[in-house]
Amino acid sequence: SPQADALVVSARQVESRPLPLMLEAVGRTEGSREIELRARVNGILEKRTYHEGSRVKAGDVLFHIDPVPYEVALAHARAALAQERATQQQAQRNAERLTALAAQNAVSKRQADDAISAVEAADAAVLAAQAKVREAEINLSYTRVVAPISGIAGRAVRSEGSLVTAGSESSLLTTVAQTDPIWVRFALSVQEHDALRAAGARDSDALTVELLDARSQPYTTKGRINFAGSTVDGATAR
């Protein structure tokens with residue numbers, strides 16, 4: 001019989017080489033910051049000025065609370081400040097007059113001292129009135145409820161015409177979630193976590209995260225691990 005063809009066999013020298021550590025887990029996306037937007041003053045919710053689920057910028061006005069009561073309060077505070085300043089000026093003039101008369105022994109020193117004390121009291125009253133004006137200005141500014149961060153605004157919890165009360169559950173108006181950057185929360189077993197931690201201890205730059213969509217197609221943007229929880233679920237060891 002004809003001689004069989006020689007079987008070609010390839011050989012390769014065995015060598016040690018690092019292999020990539022690949023772990024798969026199901027993740028849940030969430031905003032890197034999720035803010036509850038609450039009313040800081042009491043009043044009737046007059047208007048919603050954003051579309052639910054739309055992107056908003058930090059400083060955008062999302063709601064208007066009826067400002068009229070706070071405009072009136074500010075007017076009263078400014079009027080009280082003007083009155084206190086008038087009293088302060090009168091006390092100052094009186095103190096200057098009595099001090100000069102006391103120097104001539106035309107009035108007692110006690111009268112001059114009392115006039116100076118009246119000036120100090122008037123100064124304090126002006127400061128208190130200024131604080132009231134500032135407080136009224138701040139309360140009025142709170143009738144414009146603004147987004148504290150940029151992100152996606154959620155559903156409006158309160159509708160126009162609702163009475164909102166600061167410091168209560170009715171103060172919650174909506175939420176804003178910051179999606180840039182976005183977080184992906186996932187769980188690993190204790191063994192997987194230990195292996196990942198050991199790999200990170202060797203080379204932290206080697207830890208990368210690839211995100212896959214529902215069709216197992218990768219997103220172009222890569223992720224990175226920025227936080228690991230400190231507790232383990234006793235039921236699942238994750």
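**Close-up views of the predicted model**

**View 1. Asn105 is exposed, with a relative accessible area of 70%.** The model shown in this and the following views is a predicted one. Asn105 belongs to the loop that runs between helix H1 (68-103) and helix H2 (109-141). The backbone of Asn105 has a phi near 60 degrees, a positive value in a residue other than glycine.

**View 2. Ser216 has a positive phi although it is not a glycine.** The phi angle of Ser216 is about 65 degrees. Ser216 is found in the segment that follows helix H3 (190-202). Ser216 has a relative accessible area of 51% and is therefore exposed, the cut-off for that class being over 50%.

**View 3. Asp180 and Pro181 are joined by a cis peptide bond.** The omega angle of this bond is about 5 degrees. Pro181 is part of strand E8, which covers residues 172-186.

**View 4. Three helices and eight strands make up the secondary structure of the chain.** In sequence order, the elements follow the pattern β-β-β-β-α-α-β-β-β-β-α. The chain is more spread out than a compact globule, because its radius of gyration is 36 Å, well over the 18 Å that the globule rule gives for 238 residues. Along the principal axes, the C-alpha atoms fill a box of roughly 150 × 50 × 35 Å. Helix H1 (68-103) and helix H2 (109-141), with the loop that holds Asn105 between them, can be located in this view. Helix H3 (190-202) can be located as well, with Ser216 in the segment after it.

**View 5. Of the 238 residues in the chain, 23% are buried.** The accessible surface of the chain amounts to about 17400 Å². Carbon and sulfur atoms account for 52% of that surface. Considering contacts between residues at least 6 apart in sequence, 73% join residues at least 24 apart.

**View 6. The chain carries 28 positive and 29 negative side chains.**

Conventions. Residues numbered from 1 in each chain as written. Predicted model: local features only at pLDDT ≥ 70, side-chain atom pairs only at ≥ 80, totals over all residues. Heavy atoms only, no water. Helix = DSSP H or I, 4+ residues; strand = E, 2+ residues; numbered from the N terminus. Rg over C-alpha atoms; globule rule 2.2 N^0.38 Å. Buried < 20%, exposed > 50% of the residue type's maximum accessible area, 1.4 Å probe, protein only. Contact = heavy atoms within 4.5 Å. Areas by Shrake-Rupley, 256 points an atom, 1.4 Å probe, with all protein chains shown as cover. Lys, Arg positive; Asp, Glu negative; His and termini not counted. Charge placed at Lys NZ, Arg CZ, Asp CG, Glu CD.
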